[in-house]
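These are my notebook entries on a structure that I opened in order to see how its chains meet. I record below what I looked up, in the order in which I looked.

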Amino acid sequence: MKKDYTVVGKNIRKLDALEKAMGAATFTTDIKLPGMLYGKVLRSPYPHARIVKIDTSKAEALPGVKAVATYLNTPRVKFNTSATSTFTIPPLQPVEDQYIFDSVVRYVGDEVAAVAATSKKVAEEALELIEVEYELLPTVFDPLEAMKEDAPSLHHCEAGKNVPGEKIHIEMGDIELGFAEADNVFEHTFKLPVQKQAQMETQAAVAQVSVDGKVTVWSTTQTPHPSRRILATIFGLPYSKVRVLNPPYIGGGFGVRIGLSAKAEPIALALAMLAKQPVKVVYDRKEDFIASDTRHSGYVTVKTGVKKDGTFTARKIVGILNSGAYCSWSAEAPGVLGAMGLSIYYCPNQMYDGHSVYTNTTPAGAMRGFGNPQGMFAVDSQVDIIAEALRMDPMEIRRKNIMRPGLPWVLPYPCQSSGLEECMDLGAKAIVWDQRGKQNQDRDTIRRGIGMAIGTHVSNAWPFCGDYSNAYVTVQQDGSIQVASGVPDMGTGTITTLSQMAAEVMGIAFEQVGITFADTESTPFEIGSHASRTCYASGTAVVAAAQDAKKQVFEYAANMLEVTPGELDIENGIIYSTLTQEKSISLGQVAMEAHLRGQQFIGVGRIIPQNAPPYLAHFAEVEVDTETGKVRVTKMVAAHDVGKAIHPLIVEGQLEGGLAMGIGYALSEEIKYDDRGRQLNNGFHKYMLPTAMDIPELEAIIVEAEDPTGPFGAKGVGETGLVATAAAIANAVYDAIGIRFFEIPLTEERVYRALKECK
Amino acid sequence: MLKDYVLATSIEEALVCLKTYAGQARVIAGGTDAMLDLSAKKMTTSCLLDITKVKELKKIESMDGQIVIGAAVTHSEVKNSDLIRTKAPLLAEASGSVGSLQIRNTATVVGNVVNAQPAADAAVALMALGAVVEITEDAGTSYVPIEEMYLGVGQSKVDPTKQIVTSIRFPALLPGQGSAFVRLAQRGALALPMLNVAVVLSLCEDKVEWVRIVMAPVAPKPLRALDAETHLQGAVINDELIAKAAKLAVSEATPRDSALRGSAEYRKGVLEVLVRRALQQAVTAAR
Amino acid sequence: MQKKILKFKLNGELMELLVSPSDTLVDVVRDQLGLTGTKKGCGKGECGACTVIMNGQSVNSCIVPAMQAMDAEVETIEGIGTSDKMHPLQETFIDYGAIQCGFCTPGMIMSAKALLDGNLSPSRLQIKETIAGNICRCTGYVKIEQAVLAAADKLKATKDK
């Protein structure tokens, strides 16, 4: 492919930006249909209980109430709110462990019933009229406790007590031999908190059933096609009679709706079927907090064998994650934790064991990074511990051990590109690494520190899960093109990036591209937006479709121009012979000529993506107030090898957003529970995600080590921004005050206590 | 069940409304908390009596060395008032740290007092200023020191179904007097304080003529550190004295364990630091 | 519940409608008037997605009693520009990559507009304080701050002309 791009690599105005800037963009929460009812959900106040009796008669009698749904009048089909059913490849079996409503509730916030009424107020009033009698069941909140013999069982499990799915085991080389060869062995356990996606638009869906039974669901899902499959399965409908789409925008995702938007879609649809009217279900912010997936909390143990010169000889990681009350992505996330945690460094002998454990807390699922930030907080905190023990510079020990293309690793695909070392060097320069250790006087109460950490990630889910994409590129009679891809744009710039790729391949102006997206009815199957995959995988499909269309166009044009297709090229919509100057014709003319003779050029892209590792080096500069324990990040630098930045401004946006979320993960974000299983941090005022006041200068540096498998060399970038942020900050805090933290977030109180203990 | 919403244009009109509704109407200003309490069913009333359109309640005035802040004055207005910034800078600081700009643009300083939350930033500063609350009712007008306004957590002496707090007043700071407001919170905005401390003091040469130290949330209401104040009174200010006063202040505080905003132990530990810093800042400002 | 008459100016146009005493301003703007540009992210004044300008000041329309808008001038995202004549903030938000999911954008722009209406040379800290009540989970705020600064420059340049 030619390197001199006309559209790719340019900061073209994002396709969604104008509508969003004008307040004209439509989101699920904005939809209003004729006759539409409002659905509200009754949730369990108990962390584990059996519903002995449920009486909905008073609620049904309330004027304005059109339907009340419970486990007694809704489908008894088990499913998983996440898209795992679509992705899991035999012999592995997806864990399907929940119903829309069940007779047992397993966490505070679990669905008990739902009401559809003519107004939100009436629906809320009706919820209070539903009489439920509960029999309380024993509870467990910690994953280590939940694995014990005498813990209550939440679900039937094959792999172990309260273990959903299969335990993950990854192995390379001879781990025992590796430890035997080491001069020193380090082993540490780290504890990770519950983080929340806290996307701005809460979970929402609007369901409509036509008189002939056709279903349409507008929702906040990141994956319309897999969501359609889940809904069709629950309600026993042909996939082709269910349409799932975004309307067309989603107010963020960060993994919280890979699959269903919690249960907004099936609840809205169940109510719409009962009421025979459209129903809109919008979670309020508290519901979004307590009853939709979080990041996995848990424990990560890292054991590393190392030679005196700093060479790693063996690494073993064990990850035990808290699944919460249902599986969601809990069978997969521990795998990514291990696979990524092991793959950032080259080490000949490696092993990982990990799994999740059910507890009576809010289900944990996918969140940006998907296990990787948990693993890398542990791995790269420990690398700094090792460096100090060996009196090595943290940069040096990493330089010595980082994974490099061509070396073996545990992943089932080869490492074919890496700009990691360049990322480290550029980042070190930007943060002024040489200042490290020289910033404090003995008596300073505000102490400064610099730290760094590195990481990698994936560019899609293959081959951990099924992953493939389809796309159409249809040439219109005027030579403009229509792209169709089932992928949503949740703010990550996907539709712009895909359109750029299509324009580049077709050799036409960006303005000539139209795109249909996130609609199961008008697009072929496509997994959706997750796993940093849309640019890489959906992009590959769009490129393939554009190439297919172009091939057809060239064949047709060659006939018209009386040349061979192989000698044709196209630029700015003009097809020309690279051999004879005077032979040229516009794409529009060719398309119209073909149309008049009964033909349209329809390019189809059908691809199974390969995979490629993006790389990143994060540098943090912090200030610690040693009298209060307050940690402030004063600067953050993130240098990322993104392969090829199709749209640099979008890439920077992904990195900066990830950094901010990572700063929150490191310092303040955490959901805690009280002893009755209730979330304490269940709203924006109590959940300490960063505001503009808390974000320092962020510097995103783009490094482009193009990967041969990615479209135009691109690699995934959606999640990398927070993979190593917490580790970099914790390492900077260590540099400032000499205290190592094995648990985040580094709240004022945690740091203060540690400072007191050290005195 | 809420049936009516009255926009009063004068205090007289507001009083008539309260009388007509005979305990079934409730005074609101910015309404930021009231609307939430209503929808969460924490509060019921038949009528919301909105006083934000009463012109005389929207003033910040200086009268005979006293600063008077009307009941409809918002945190933003206080924060941006030149009068407050020069004559009661700690209040500008405190009002400026409430919630977010949008909240400060609607929520009122008086509302901060009437809500009777133990850590309300502006109320903590006002107590250090020795503020007095003007309460108007049918029977007439009375003046209550802010310290006597609290009956319990979230419970004010004012009955919003019968009485209207019309203003709050305090002496303007004079030369030789200094103030400070310091606050520890989990983030830079949209956060209640883990701790806040307000100090107002008067120095003559370097001798402390008088001092008021207020700490929160370390008791059911903003708490005066009386032992610390006594210790400072009449003494020549120095670092050692301040350190001792900070220690005394801590011994007077009884913070509770909060799962959200820090353990009692942590708050006690850090309180000493904040009191010390506040005293130091106030001394600097006074000099 | 007794309905009350509410009169106010919305985006320059005089409105007269019936509201419930318990209605908040966002209920009126979004549900009754169908102006869905103003978003609702929390319903509790904790996220700023519903920010509108009332009498020149940014407010959380989800906790402002609708009746409090009586005789007020209210501006929403729909009223500050058109697609062929955007407000400079709308232009710079687009150009500086300050928009990702777009859900916080209308509130964010309204907060920024209230600032720039009174101050064309804001400091970075003033901008941060202005938007600190507007949560954005996508951008990390940096590009938003840059966009506001750039819009201030644009407005200043227009004014100086």
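Entry 1. The model is predicted, and I began with a single pair of side chains. I found that Arg30(C) and Asp30(A) form a salt bridge, with N and O 2.9 Å apart. I then asked how many salt bridges the rule finds across the interface of chain A and chain C. The count is six.

Entry 2. I next looked up which elements of chain A supply the side that touches chain C. Helices α1 (17-22), α4 (120-129) and α17 (648-667) of chain A each give at least two residues to that side. The largest share, eight residues, comes from α17(A). Sorted by class, this side of chain A holds 24 nonpolar, 14 polar and 14 charged residues.

Entry 3. I turned to the extent of the contact between chain A and chain C. It involves 52 residues of chain A and 46 residues of chain C. The two chains bury about 3,700 Å² between them, and 59% of this lies on carbon and sulfur atoms. Within chain A, the residues that lose the most area to chain C are Met22(A), Met200(A) and Ala692(A), which together make up 19% of what that side buries.

Entry 4. The buried area is about 1,900 Å², with 53% on carbon and sulfur atoms. Which residues of chain A lose the most area to chain B? They are Glu627(A), His685(A) and Met688(A), together 27% of what that side buries. Glu627(A) also forms a salt bridge with Arg276(B), whose closest N and O atoms are 2.4 Å apart.

Entry 5. Lastly I looked up a sheet within chain A. It is open, has four strands in the order β16-β24-β25-β26, and shows mixed pairing. Its edge strands are β16 (446-456) and β26 (697-703) of chain A. Strands β24 (residues 615-625) and β25 (residues 631-641) of chain A run antiparallel and are joined by 10 bridges. In this pair, Phe619(A) stands opposite Val637(A). Helix α18 (residues 725-737) of chain A lies across β16, β24 and β25.

Note on methods. Residues numbered from 1 in each chain as written. Chains lettered and ligands numbered in written order. Predicted model: local features only at pLDDT ≥ 70, side-chain atom pairs only at ≥ 80, totals over all residues. Heavy atoms only, no water. Buried area = accessible area lost by both parts, 1.4 Å probe. Salt bridge = Lys/Arg side-chain N within 4 Å of Asp/Glu carboxyl O. Pairing = 2+ DSSP bridges. Contact = heavy atoms within 4.5 Å. Axes fitted to C-alpha atoms, helices over the stretch in contact; angles between N-to-C directions. Nonpolar A, V, L, I, M, F, W, Y, C, P; charged D, E, K, R; others polar.
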